[in-house]
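This report describes selected features of one protein model.

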Amino acid sequence: MRTSTREVSLKKHRVAVLILSSAILSGCGYALVGRASNLPEDVRNIYIEPLINNTARLQVDQFLTRAIADEFVTRQRFKVVSSRGEADALLSGTVTSFIVRPVSFGDEGRATAYEIIIGAEMLFKRRDSGEVIWQQDRYRFQEDYELEVSETDFFDRQNEAIEEVAVKFAETLVIDILEGF
């Protein structure tokens, strides 16, 4: 069976388009969300100062600090160190607001889902020079949290909800720091 010149030409065209597309995508800075980094290459050791809590909700600062440290560790490029002197960069912050409000209700009038909003001031800077690498004075994170209909007391489960939201807060914060948002 012979291939026509038109079929050969069409195949060559497809190959050229494929090669050109690959070259464009590889050269345009395309990266998976959360995998790119705008941080200087020499920033490897990070000291995370315990967040300051300016809210009425106890322990929210502790949940968030722990989740942020865990998220940086999962990135594998970074090492979270236990003292400022070992660090290339410091992350500090203040939790400025913590709001929990119901967003949906069941047949009995009880809330079945809540919205948790966390506000913070965050600063990521070099330890030695104090140069600001990333800063956000009005960092805001919002997440919905659903309750099982059989559960009647949200406050019995509020710590669990805060822990889950803290993990998502940390993921978003670290991505924002790495990608410079």
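In this predicted model, the structure holds 5 aromatic pairs. Two of them are set out below.

| Pair | Distance between ring centres | Angle between planes | Geometry |
|---|---|---|---|
| F72 and F78 | 5.5 Å | 85° | edge-to-face |
| W134 and Y139 | 6.1 Å | 70° | edge-to-face |

The planes of F72 and F78 stand at 85°, so this pair counts as edge-to-face, the cut-off being over 60 degrees. The rings of W134 and Y139 have planes at 70°, and that pair is therefore edge-to-face. F72 and F78 are both buried, and W134 and Y139 are both buried. W134 and Y139 also belong to one aromatic cluster, which they form with F141 and F169.

**Packing of helix 2 on helix 3**

Helix 2 comprises residues 60-74, and helix 3 comprises residues 158-179. The axes of the two helices come within 8 Å and cross at roughly 45°. At that angle helix 2 is oblique to helix 3. The crossing of helix 2 and helix 3 is right-handed.

On the side of helix 2, the residues that meet helix 3 are V60, F63, L64, A67, I68, E71 and F72. Their counterparts in helix 3 are N159, I162, E163, A166, V167, F169, A170, E171, L173, V174 and I177. Divided by class, this contact between helix 2 and helix 3 has 14 nonpolar, 1 polar and 3 charged residues. F72, a member of the edge-to-face pair with F78, is thus listed on the helix 2 side, while F169 of the aromatic cluster is listed on the helix 3 side.

Is E71 buried or exposed? Its relative accessibility is 11%, so E71 counts as buried, the limit being under 20%. E71 lies in helix 2. With neighbours within four places in sequence left aside, E71 is in contact with A170, E171 and V174.

**I116 in strand 5**

I116 is found in strand 5, which spans residues 111-126. With a relative accessibility of 0%, I116 counts as buried. Which residues does I116 touch, not counting residues up to four places away in sequence? They are F98, I99, V100, F141, Q142, E143, Y145, A161 and V165. One of them, F141, is also part of the aromatic cluster with W134, Y139 and F169. For F98, which is 18 residues from I116 along the chain, the separation of the C-alpha atoms is 7.2 Å.

**V132 in strand 6**

V132 has its place in strand 6, residues 132-146. A relative accessible area of 42% makes V132 partly exposed. Residues up to four places away in sequence being excluded, V132 touches L123, F124 and K125.

**The chain as a whole**

The protein chain has 3 helices and 6 strands. Along the sequence these follow the pattern α-β-β-α-β-β-β-β-α. Of the 181 residues in the protein chain, 36% are buried. Among contacts with a separation of 6 or more, 69% are between residues 24 or more positions apart.

Technical notes. Residues are numbered from 1 along each chain as its sequence is written. This is a predicted model: local features need pLDDT of at least 70, side-chain atom pairs count only at pLDDT 80 or more; totals for chains, interfaces and linings use all residues. Side-chain values use heavy atoms; hydrogens and water are left out. Helices (H or I, at least four residues) and strands (E, at least two) are DSSP runs, numbered from the N terminus. Buried means under 20% relative accessible area, exposed over 50%, partly exposed in between (1.4 Å probe, protein chains only). Contact means heavy atoms within 4.5 Å. Rings of Phe, Tyr and Trp (its six-membered ring) pair if their centres lie within 6.5 Å; planes under 30 degrees apart count as stacked, over 60 as edge-to-face and the rest as tilted. Axes are lines fitted to C-alpha atoms, for helices over the stretch in contact, and angles run from 0 to 180 degrees between N-to-C directions. Angles under 35 degrees count as roughly parallel, over 145 as roughly antiparallel, 65 to 115 as roughly perpendicular and the rest as oblique. A crossing is left-handed if the near helix is turned anticlockwise from the far one by less than a right angle, and right-handed if clockwise. Ala, Val, Leu, Ile, Met, Phe, Trp, Tyr, Cys and Pro count as nonpolar, Asp, Glu, Lys and Arg as charged, and the others, Gly among them, as polar.
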